[in-house]
Amino acid sequence: MHQDAKNGWIQRLTYVIEIDDIKVLHPNNGVFAFYRNNRLVRGFEPFDIKAPNELSKRPYHFDHHNLAHLEERFPDAIPVFDETHETRRAWSDRIRVGLCEIIRDGKLSFEHIDDQGNVLEASIRWCGEAITID
């Protein structure tokens, strides 16, 4: 915390989310989950855990809606599926590599300042070996 003369005390809260694996839970629905030490990462947006539903029988983080948003933000890292040139499995592998890259580069980390000037920082870190396509 530090003092701001105009507003009084300003609080800064930093969350660290560490990830060492990304699993494809359902390639046809673009369902991915993030793990640290073989445990599902618990966090906040964009790492809110979605309950099992028609897309996946297991809890997960990202589905095709999240991926569409990431494809817009990071078109070089998150590829659009092209059924004429690849299988869903091959596309899912490329998505895993792309997600790993943007996390390693710190591109999913963010800072949010609320109306009172308080700062929420999310430091999203890759802690494992880089994901590659074999």
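Start at Leu99. Leave aside its neighbours within four places in sequence, and Leu99 is in contact with Ile22, Phe32, Phe34, Phe62, Leu70 and Ile78. Contact here means heavy atoms within 4.5 Å.

A word on the source. This is a predicted model: local features need pLDDT of at least 70, side-chain atom pairs count only at pLDDT 80 or more, and totals for chains, interfaces and linings use all residues. Residues are numbered from 1 along each chain as its sequence is written, and side-chain values use heavy atoms, with hydrogens and water left out.

Now, which residues have the most contacts inside the largest nonpolar core? They are Ile19, Ile22, Phe34 and Leu99, in a core of 25 residues. A nonpolar core is a set of buried Ala, Val, Leu, Ile, Met, Phe, Trp, Tyr and Cys residues joined through side-chain atoms within 4.5 Å. Buried means under 20% relative accessible area, exposed over 50%, and partly exposed in between, with a 1.4 Å probe and protein chains only. At least two residues of this core come from each of β3 (12-19), β4, β5, α1, α2 and β8 (119-126). The largest share is from α2, with seven residues. Apart from this core lies another, of seven residues, among them Ala33, Tyr35, Leu40 and Tyr60.

Step back for the layout. The protein has two helices and eight strands. Both are DSSP runs, numbered from the N terminus: helices are H or I with at least four residues, strands E with at least two. Along the sequence the pattern reads β-β-β-β-β-β-α-α-β-β. Of the 134 residues, 37% are buried. The C-alpha atoms fill a box of roughly 60 × 30 × 25 Å, taken along the principal axes.

Next, helix α1, residues 64-73. Asn66, Leu67, Leu70 and Glu71 are buried there. Seen down the axis of α1, these buried residues fall within an arc of 140°, so they line one face of the helix. That arc is taken from the directions from the helix axis to the C-beta atoms. The buried residues of α1 pack against β5 (31-36) and α2 (88-104). On the other side of α1, His65 and Glu72 are exposed. At the start of α1, a side-chain oxygen of Asp63 comes to within 2.9 Å of the backbone nitrogen of His65.

On to the strands. Two strands pair if DSSP finds at least two bridges between them. β4 (residues 21-26) and β5 run antiparallel, joined by five bridges. Lys23 has Ala33 in β5 as its bridge partner. The hairpin of β4 and β5 has four residues between the strands, and Gly30 there takes a positive phi near 60°.

What is the order of the open sheet of three strands? It is β3-β8-β7, with mixed pairing. β3 and β7 (110-113) are the edge strands, each pairing on one side only. From one strand to the next, the twist averages 15°. β3 and β8 run parallel, joined by eight bridges. Leu13 stands opposite Leu120 in β8.

Last, α2 again. This helix lies across β3 and β8, running at about 130° to β8. Axes are lines fitted to C-alpha atoms, for helices over the stretch in contact, and angles run from 0 to 180 degrees between N-to-C directions.

Technical notes: Polar contact = N/O pair within 3.5 Å; in protein donor to acceptor, adjacent residues only side chain to side chain.
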